[in-house]
Amino acid sequence: MTAPVLRDVTLRDGLQLTGKLLPVQRKVDIVRRLLALGVPALEIGSMARPDLVAPMANTMELVAALTPEELRRCWVWVATPRHVEKAAAAGVRNFQYCFSVSDAHNRANIGRDTEASVAAMPDAVRLAQEVGGSIQLCLATAFTCPFDGPVDPERVLAIARDPRTEGADDIVLADTLGQAHPGEVSALVTAVRERTPARRVVFHGHDTWGMGVANTLAAVAAGADMVDGALGGLGGCPFAPGASGNTASEDILFATRPDWFTPAALAALVDLSEELLAELGEPNRSRTLEGARSEASAFEWVVGRA
């Protein structure tokens with residue numbers, strides 16, 4: 001199994017539920033440390049209203065502080081064409097256009113039904129393409145909805161085949177609540193690859209029910225090209241009751257072993273994760289981080305106690 005591209009989403013999905021706004025320079029430091037380690041892609045913020053998602057309030061200041069080269073490896077969450085327009089003017093070139101497959105969650109999260117988000121997507125695609133950018137079709141609640149329960153896979157496929165979503169470079173399948181199991185993930189990723197337009201497939205998992213790594217590996221085996229994770233398992237959606245942290249980036253990396261991920265890289269990642277978790281007052285949810293601090297010193301991946 002080829003190692004997928006990891007996108008670390010700490011600075012967006014990871015921070016959403018913390019309620020704490022990190023200073024811009026601290027976010028810049030995190031971006032640069034992750035990129036220097038070899039993390040291929042990052043999600044660094046959101047155009048969500050700061051009065052609703054306070055930790056995202058300085059996203060555009062962060063964008064302004066990064067170089068164009070750094071921004072080429074960074075993604076920003078958007079939900080409307082106006083978001084794309086404002087982010088593009090600030091220098092963003094990778095846009096994650098997100099809405100929910102279920103109407104109930106889309107109304108709670110974005111304030112409109114799913115059809116309205118689909119109808120607006122052609123304008124979002126056009127604006128991204130006008131600046132030479134890349135845009136993703138990101139489908140939240142692709143497996144279950146906190147209000148309506150299980151989501152019909154055919155509804156996901158219908159959106160993916162809708163002519164109005166053409167132009168998206170990638171499709172993101174988000175297990176927003178972390179309620180999916182590996183069989184469901186494998187089936188949906190396979191169906192999307194076989195029955196919808198050719199795009200890079202991204203899996204965004206949460207570890208609410210302990211299936212984060214298993215689901216990620218199932219997605220990769222079924223053909224997902226990119227997977228999302230957050231340092232220490234941070235994260236969750238503020239508009240999805242029952243959602244908890246993302247699958248930990250450390251756990252995904254330890255399971256998939258991309259070429260750049262060495263024991264030295266893990267040691268640096270552990271230091272960064274622990275710094276950030278302490279700063280935010282958040283618990284560690286990464287088993288790899290725990291293992292790295294164990295007493296099993298004969299194992300090359302153990303970095304010992306801080």
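Which residues form one aromatic cluster? The cluster consists of F254, W260, F261, F299 and W301. The model is predicted, so to read it well, note that local features need pLDDT of at least 70 and side-chain atom pairs count only at pLDDT 80 or more, while totals for chains, interfaces and linings use all residues. Residues are numbered from 1 along each chain as its sequence is written, and side-chain values use heavy atoms, with hydrogens and water left out.

The structure holds 6 aromatic pairs (rings of Phe, Tyr and Trp, the last by its six-membered ring, with centres within 6.5 Å; planes under 30 degrees apart are stacked, over 60 edge-to-face, the rest tilted). F254 and F299 are edge-to-face, because their ring centres are 6.4 Å apart and their planes stand at 85°. F254 lies in helix 11 (residues 249–256) and F299 in the segment after helix 13 (287–292), so this pair ties together parts 45 residues apart in sequence. F254 also pairs edge-to-face with W301, at 5.6 Å centre to centre and 85° between the planes. Helices here are DSSP runs of H or I with at least four residues, strands are E runs of at least two, and both are numbered from the N terminus.

Turning to accessibility, F254 is partly exposed at 25% and F299 is partly exposed at 42%, whereas W301 is buried at 6% (buried means under 20% relative accessible area, exposed over 50%, partly exposed in between, with a 1.4 Å probe and protein chains only). V202, in strand 9 (residues 200–204), is buried at 0%.
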